[in-house]
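Subject: Structure handover

Hello,

Here is the structure I promised to pass on. Please open it and keep it in view while you read my notes.

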Amino acid sequence: MAHPCQIWLKLRPTMTSGDFGREHAARWAEAEELLRQLEGGKKPVDGASFPKRFREIGGDLALARRRMYGSAITERLNDLVIRGHAVMDRSRRSGWRSFVEFVTGGFPRAVRSEWRLFWLCNAAFWIPFLGMLWIAGHDMRWVQAVIGTEGMSNMEDMYGGRSQQIAHLRSEYGSNFMMFCFYIYNNVAIDFRVFAGGILAGLGTMFFIVFNGLHIGASAGYANHACDPQSFWTFVAGHSSYELLGMVVAGMAGLAAALELLEAGHEVTVLEARLRPGGRVYTLRDPFSDGLYAEAGALFIPDHHDAVLRYIRRFNLPLAPIPSRAMVSIYYLRDTRILASEGASARWPVELKPEEQRLGPVGLWNRYITPTARKLGDPSRPDWPPEEFRRLDSISFAAFLREQGASEGAIAILRLGYFDLFGDGIDQTSALFLLRDTAMRKDEKQTYCLRNGNDQLPKAMAAAMKDRIRYGCAVQRIEQETARVRVVYRRGLETETITADRVICALPFSILRGIEVEPGFSPVKARAVETLPYTSVCRIFLQFRTKFWARQGLPGSANTDLPIMWCWDPTLLQGGPRGILEAYIAGPTARKLVGMKETDRLLFALTEMDKVYPGSRREFEGGGTKSWDEDEWQRGDYAWCRPGQMTTFGAQLATPEGRIHFAGEHTSAWPGWMQGAVVSGLRAAREVHEAAA
Ligand SMILES: Cc1cc2nc3c(=O)[nH]c(=O)nc-3n(C[C@H](O)[C@H](O)[C@H](O)COP(=O)(O)OP(=O)(O)OC[C@H]3O[C@@H](n4cnc5c(N)ncnc54)[C@H](O)[C@@H]3O)c2cc1C
């Protein structure tokens with residue numbers, strides 16, 4: 001969600017890295033001395049206090065990182081933490097170390113030194129296996145000789161048609177648990193037979209390997225030619241070395257989830273309807289001259305969005321701070337333009353209470369919004385909201401402001417440029433929903449963007465796993481069975497199917513509600529999928545011959561009550577004479593622009609823009625637009641909540657439905673932000689990983 005106001009900037013006195021270093025210098029020096037003694041094998045007098053000190057240093061490090069206190073402090077603390085960890089773990093480590101050394105070094109060395117045996121065993125399995133697989137297509141009598149008629153009829157029961165395998169096995173073994181026990185028993189028994197066969201000079205081992213090759217080859221050959229091969233091979237693939245096949249889509253949530261799962265060693269396939277990654281992180285370049293670009297989706301990256309910043313650092317992407325002067329907006333209200341430089345002397349064209357007259361937008365915000373937002377606690381906690389604040393979900397944000405004593409004039413000012421850009425505006429949006437967003441931003445001090453476009457982030461994430469992403473694959477149907485999930489998707493003119501142990505569904509609900517799900521979701525989830533609203537947003541980008549507004553000393557940010565709503569200069573950090581001003585239009589006005597011709601949209605925005613930035617008509621060259629409602633793969637922008645919705649189904653947005661897990665900004669405490677998407681992706685990946693463990 002775009003956020004033109006940096007109002008939290010002014011709320012708290014900030015502690016500099018110098019203050020922080022001075023305040024804790026003595027404690028860090030003591031910890032350093034203690035460490036030196038412990039590392040040297042000495043027993044210091046207050047050695048017992050070491051774990052406590054170590055925890056404190058860890059806390060300092062986390063704080064220093066979050067507040068970005070610079071490398072001098074963070075590196076020093078990081079060094080202390082690593083050394084402290086080494087000292088504390090010294091005694092525990094030896095057993096683990098030797099185990100890890102065996103797995104990573106000793107065992108591979110032993111296999112390499114016995115390479116002849118290794119290849120002999122492989123040949124002893126694969127040659128009979130492939131031979132039987134081939135022969136099954138020519139003469140079934142061979143298969144019958146190996147697995148017998150009973151084995152053949154078992155294979156038909158299991159793989160004669162789709163969806164039979166698990167049901168068949170369960171009826172045979174009584175329950176999921178017994179079936180699981182049988183798998184363990186069977187696989188361990190084979191291992192023991194192969195191992196024990198070694199006492200007959202290896203002949204027994206060879207016998208069992210060849211026998212398994214023949215038996216499995218005959219079964220696979222029979223399933224291939226006489227049963228449903230897809231049913232057989234998808235079942236087998238699910239039980240090969242990786243036990244899990246997760247599927248997600250390639251928005252920020254899906255990319256984060258997939259990266260995390262791949263790194264944890266899982267098999268992952270990403271289905272993406274578009275031919276590019278990133279979904280709502282989308283940089284527009286084509287409509288503009290001189291290499292200029294503008295963000296059609298995610299724009300700002302605040303300094304406290306740690307999950308996003310971690311990926312930016314990991315891929316070494318060029319983070320650029322947005323100067324705070326750029327965030328100070330012009331106000332355009334009731335045909336009057338008010339400059340921030342006018343300060344308390346500004347004459348607002350609305351009726352204000354005497355005590356509101358000199359407050360200005362920041363003062364009004366601090367008076368009516370900050371006190372409640374501060375009390376809301378941590379909205380990212382699973383047990384949020386606290387009971388006493390649930391009431392705020394039953395009223396609109398406008399009603400909340402009235403309850404706080406704001407006059408209609410003050411509300412007219414406060415709604416501009418930020419709150420009205422959610423949903424259908426503050427009269428329709430849950431007070432709790434907007435207060436949560438405000439509370440989540442309380443530590444924000446600086447905001448950033450990526451130089452050369454935010455789309456570099458999803459592109460870098462996708463490049464790290466490009467062979468796992470299937471582009472141009474539009475999910476159409478999700479079928480859930482007891483032990484796996486089948487996803488039907490369209491690729492070009494073909495309909496294809498993929499089966500997985502679990503699925504991470506990172507689709508916006510605006511899309512999911514058009515996808516068949518069998519069996520249907522639980523009633524609460526189904527209601528959330530059907531009714532969660534998405535903000536309509538249309539962004540109109542006007543390119544001008546020069547950045548004439550900068551020459552006039554005007555900031556490139558304007559909060560207006562015009563239909564163009566919020567204006568922003570996306571070329572603020574881009575060189576060259578030409579510039580772009582955008583109109584960021586949300587809610588009912590954005591919906592009126594759906595279906596309108598591009599040229600008409602541009603001219604509509606230009607007429608309004610000229611009121612805020614006189615000279616626009618004269619300097620205009622052309623431009624581009626993006627309506628997220630028109631986008632086939634989004635059908636809306638970011639999720640929002642009407643009064644009552646957060647407390648009705650807010651807690652259920654993220655809960656899994658059987659083997660289907662959910663990710664996406666809408667399932668997080670940061671809807672409308674990349675941070676929300678990434679955090680939700682990491683959470684869903686963790687759920688899947690733990691379920692597979
Ligand atoms: C106008 C606008 C302004 C914003 N401003 C900011 C901002 O300033 N800062 C910020 O941090 N965030 C901002 N955001 C929000 C941020 O972009 C999103 O929260 C985030 O990108 C959402 O990621 P996601 O993975 O949840 O969903 P998406 O990005 O929507 O990913 C969903 C993916 O699913 C794919 N898909 C859809 N249908 C199918 C299908 N049938 N089969 C397969 N794939 C399918 C889509 O193509 C898409 O790639 C803004 C968003 C918009 C649109």
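Below is what I found, grouped by region.

One caution before the details. This is a predicted model.

Start with β19, which spans residues 579-586. How many of its residues are buried? Eight of its eight residues are, and the strand is mostly covered. Both faces are covered. On one side sit Gly 579, Leu 581, Ala 583 and Ile 585, all buried.

Strand β16 (residues 537-544) pairs with β19. The sense is antiparallel, and there are eight bridges.

The strands β17 and β18 pair in the antiparallel sense over three bridges. Together they form a hairpin, with five residues between them. Met 565 lies in the turn and has a positive phi of about 55°.

Strand β17 covers residues 557-560. Are its residues buried or exposed? All are buried. Ser 557 and Asn 559 point one way, while Ala 558 and Thr 560 point the other way.

Strand β17 has a further partner, β7 (residues 330-333). Those two run parallel and share three bridges. Look for Tyr 331, which stands opposite Asn 559 in β17.

Strands of a sheet pair through backbone hydrogen bonds, in either a parallel or an antiparallel sense.

**A four-stranded open sheet**

Next is an open sheet of four strands. The order is β13-β12-β11-β15, and the pairing is mixed. The edges are β13 (494-500) and β15 (516-518). Each edge strand has a single partner, so one side of each is left without a neighbour in the sheet. From one strand to the next, the twist averages 25°.

Within this sheet, look at β12 (residues 485-491) and β13. They pair in the antiparallel sense over seven bridges. Arg 486 stands opposite Thr 499 in β13.

**A three-stranded open sheet**

There is also an open sheet of three strands, in the order β5-β9-β6. Its pairing is antiparallel. Which strands stand at the edges? They are β5 (301-302) and β6 (319-321). Each has a single partner strand, so one side of each lacks a neighbour in the sheet. Three bridges join β6 to β9 (residues 447-450). In β9, Cys 449 is the bridge partner of Ala 320.

Now the helices. The axes of α4 (residues 115-136) and α5 (residues 140-159) come within 7 Å and cross at roughly 130°. That angle makes α4 oblique to α5. The crossing is left-handed. From α4, the contact uses Met 132, Ile 135 and Ala 136. From α5, it uses Met 140, Trp 142, Val 143 and Val 146. By class, this contact has seven nonpolar residues, no polar and no charged ones.

The other crossing is between α11 (residues 306-314) and α25 (residues 674-692). Their axes come within 7 Å and cross at roughly 85°. That makes α11 roughly perpendicular to α25. Asp 306, Ala 307, Val 308 and Tyr 311 of α11 make the contact with Met 674, Gln 675, Val 678, Val 679 and Leu 682 of α25. By class, there are seven nonpolar residues, one polar and one charged.

**One residue to check**

Last, find Val 268. Its place is in strand β2 (residues 267-272). Why does Val 268 count as buried? Its relative accessibility is 2%, and buried means under 20%. Val 268 and Arg 502 are 234 residues apart in sequence. In space they are 10.0 Å apart, C-alpha to C-alpha.

Best wishes

Key
Residues numbered from 1 in each chain as written. Predicted model: local features only at pLDDT ≥ 70, side-chain atom pairs only at ≥ 80, totals over all residues. Heavy atoms only, no water. Pairing = 2+ DSSP bridges. Axes fitted to C-alpha atoms, helices over the stretch in contact; angles between N-to-C directions. Parallel < 35°, antiparallel > 145°, perpendicular 65-115°, else oblique. Left-handed = near helix turned anticlockwise from the far one by under 90°. Contact = heavy atoms within 4.5 Å. Nonpolar A, V, L, I, M, F, W, Y, C, P; charged D, E, K, R; others polar. Buried < 20%, exposed > 50% of the residue type's maximum accessible area, 1.4 Å probe, protein only.
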